[in-house]
Amino acid sequence: MFGSFKRVVSSLVQLQHKGVFFICQTFLFDCRTLFVSYMSFYLPTPAVLQYAEPMKRITDCCSNLAIHTIIQLVWNEKTITRAELSRLSGFSRSTITANVDKLLEDGILLEQPLEGQDKRKSLIINQNRGLFIGIELDADCCAVGACDIMGNLLKEQCITIDYVDGPDAILKQISQTIKALQESLKERETAILGIGVGLPSPVDFAGGYAVHPAFMPGWHHYPVGPKLEKLYACPVFVDNEVNTMAFGEAFLSEQYRGKDILFIKLGAGIGAGMIVQGSIYRGNSGMSGNIGHMRVDGNTQQCKCGKVGCLEAIAGGSALLKRAELLAHTKQNPFLQKVVEEKGYLQLSDLKEAIRRRDSQIIQMVDESAHTIGSMVGSLVVFYDPKAVVLGGNLCEFGLQYVDSIRRAIITEATPWIKSDFDVNVTKFGDSIGVIGSAMLCISTLIHNGAFVNEE
Ligand SMILES: [Zn+2]
């Protein structure tokens, strides 16, 4: 299914004008015919071949360009007819037919009856060809998911990890989980075609490794991407985990597709991912969206980054647990005190339970943190002017009141510099957005780079 990416195709793709491709293809084909005829007349056969071969390679590249465009359009549109392919690509019906037939024969595309039509058929990508693995590493756990080429999550498994074990041991755990996923999906092709990884740290995207991660000893410049590439003999893309979440949301949510969105992950820490015109904005050093370490005025809480007053040192999940534990230890909150006495520590689920019990102390603490987050994000909205802010991460499980407080603070801060269609929502993909986003980053990059175009 994979072939090498054609350099010539790549440079033509950058023209991004399908009409030009069609003209190019027709023109080159005609040139080739005329050129070979002309050379046949004047030159002996070996010379004809010497010049004809490079010309043939150029027209072959144009054929690959047609295949690349067809795959990209079918994948983008999910289902499309041959006539629509011709109209959207600018390629002639005969070029579309020849190349679609080739892709049907190779099992890359499938044909299905068009809804409500007897004879007309539409094309879809064959979703049973192999797996794309999405991996999301978090503070103390790792989610591994297997997706098909359309980004549908087939199976997901979460494992507990301890960064003290080091990256080699954690990659081994991940490999065992991938193997278990493959075993459980035996009824389909389970060859791994690509892997996407989201790391909870700044990332060098080109190098495929973390850069100065805050709580991952041994991971600085550890070659996650190259190691997995070698192990699975497939392309691997590594990015910051909030970037992959933002990408997954922007690509799979119909209402946000192609729009600028700001994704905020609210977990132990706080981070943002920015999508600009359908692409991840990574910044100059790969540290864009590091909003957890932006300073909240008037606050002096010590942050693990070494600075004081950082947003996540005030409103992140770890900070909230720390404050709740203090309430328990100082006997200011009987419910939390009892939980700590029973199991020795607190989890976010305990705060959630306190909220459910209408514990006013915890409700107020969580509400204040929501307001702090919302005000900070509102300032970013004024600067960035996105279509939407999408919230993800386990703090969203605090419930509607928490999310509403964030929404209100964002809108208050950003008004009047937002349009009426601006919205703030929680991701509909829940906890799976990390693995789905990582897999989608991989699939989308491969599709758009033409990695599915065969060499021959
Ligand atoms: Zn900080």
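Ala, Val, Leu, Ile, Met, Phe, Trp, Tyr, Cys and Pro count as nonpolar, Asp, Glu, Lys and Arg as charged, and the others, Gly among them, as polar. The legends below describe a predicted model.

**Figure 1. The lining of the largest cavity holds five nonpolar, no polar and three charged residues.** The residues that line this cavity are W75, K78, M150, F251, L252, E254, R257 and M440. Among the charged residues of the lining are K78, E254 and R257. The volume of the largest cavity is about 70 Å³. The count of cavities of 30 Å³ or more comes to one.

**Figure 2. The zinc ion has four donor atoms in a tetrahedral arrangement.** The protein donors are H293 through ND1, and C303, C305 and C310 through SG. They lie 2.0 to 2.3 Å from the zinc ion. The angles subtended by the four donor atoms run from 103 to 123°. Four donors count as tetrahedral if all angles lie between 85 and 135 degrees, so this site qualifies. For four tetrahedral donors, the ideal angle at a metal is 109.5 degrees.

**Figure 3. The zinc donors follow the spacing H-x9-C-x1-C-x4-C along the chain.** H293 and C303 both lie in the loop between β12 (279–280) and α9 (311–315), so the pair ties together parts that are ten residues apart in sequence. H293 is partly exposed, at a relative accessible area of 22%. C303 has a relative accessibility of 6%, so it counts as buried, the cut-off being under 20%.

**Figure 4. A cis peptide bond joins T415 and P416.** Omega of this bond is about 10°. P416 sits in the loop between α14 (400–414) and β14 (423–426).

**Figure 5. R358 has a positive phi, although it is not a glycine.** The value is near 60°. R358 is placed in the loop between α12 (348–356) and α13 (360–384). R358 counts as exposed, at 56% relative accessibility.

**Figure 6. D385 is a non-glycine residue with a positive phi.** Its phi is about 55°. D385 belongs to the loop between α13 and β13 (388–392).

Figure 7. The chain has 456 residues, and 52% of them count as buried. Take the contacts between residues at least 6 apart in sequence: 63% of these join residues at least 24 apart.

How values were computed:
Residues are numbered from 1 along each chain as its sequence is written. This is a predicted model: local features need pLDDT of at least 70, side-chain atom pairs count only at pLDDT 80 or more; totals for chains, interfaces and linings use all residues. Side-chain values use heavy atoms; hydrogens and water are left out. Donors are N, O and S atoms within 2.8 Å of the metal (3.2 Å for Na, K and Ca); water is not among the atoms, so sites may look incomplete. Four donors count as tetrahedral if all angles lie between 85 and 135 degrees; four count as square planar and six as octahedral if opposite donors are over 155 degrees apart and all others between 65 and 115; anything else is irregular. Helices (H or I, at least four residues) and strands (E, at least two) are DSSP runs, numbered from the N terminus. Buried means under 20% relative accessible area, exposed over 50%, partly exposed in between (1.4 Å probe, protein chains only). On a 1 Å grid over the protein atoms alone, a cavity is a set of points where a 1.4 Å probe fits but cannot get out, and a pocket is an open set with protein on both sides within 12 Å along at least five of seven lines; lining residues have an atom within 4 Å of a point. Grid points are joined across faces, edges and corners, and a volume is the space filled by probe spheres set on the points. Contact means heavy atoms within 4.5 Å.
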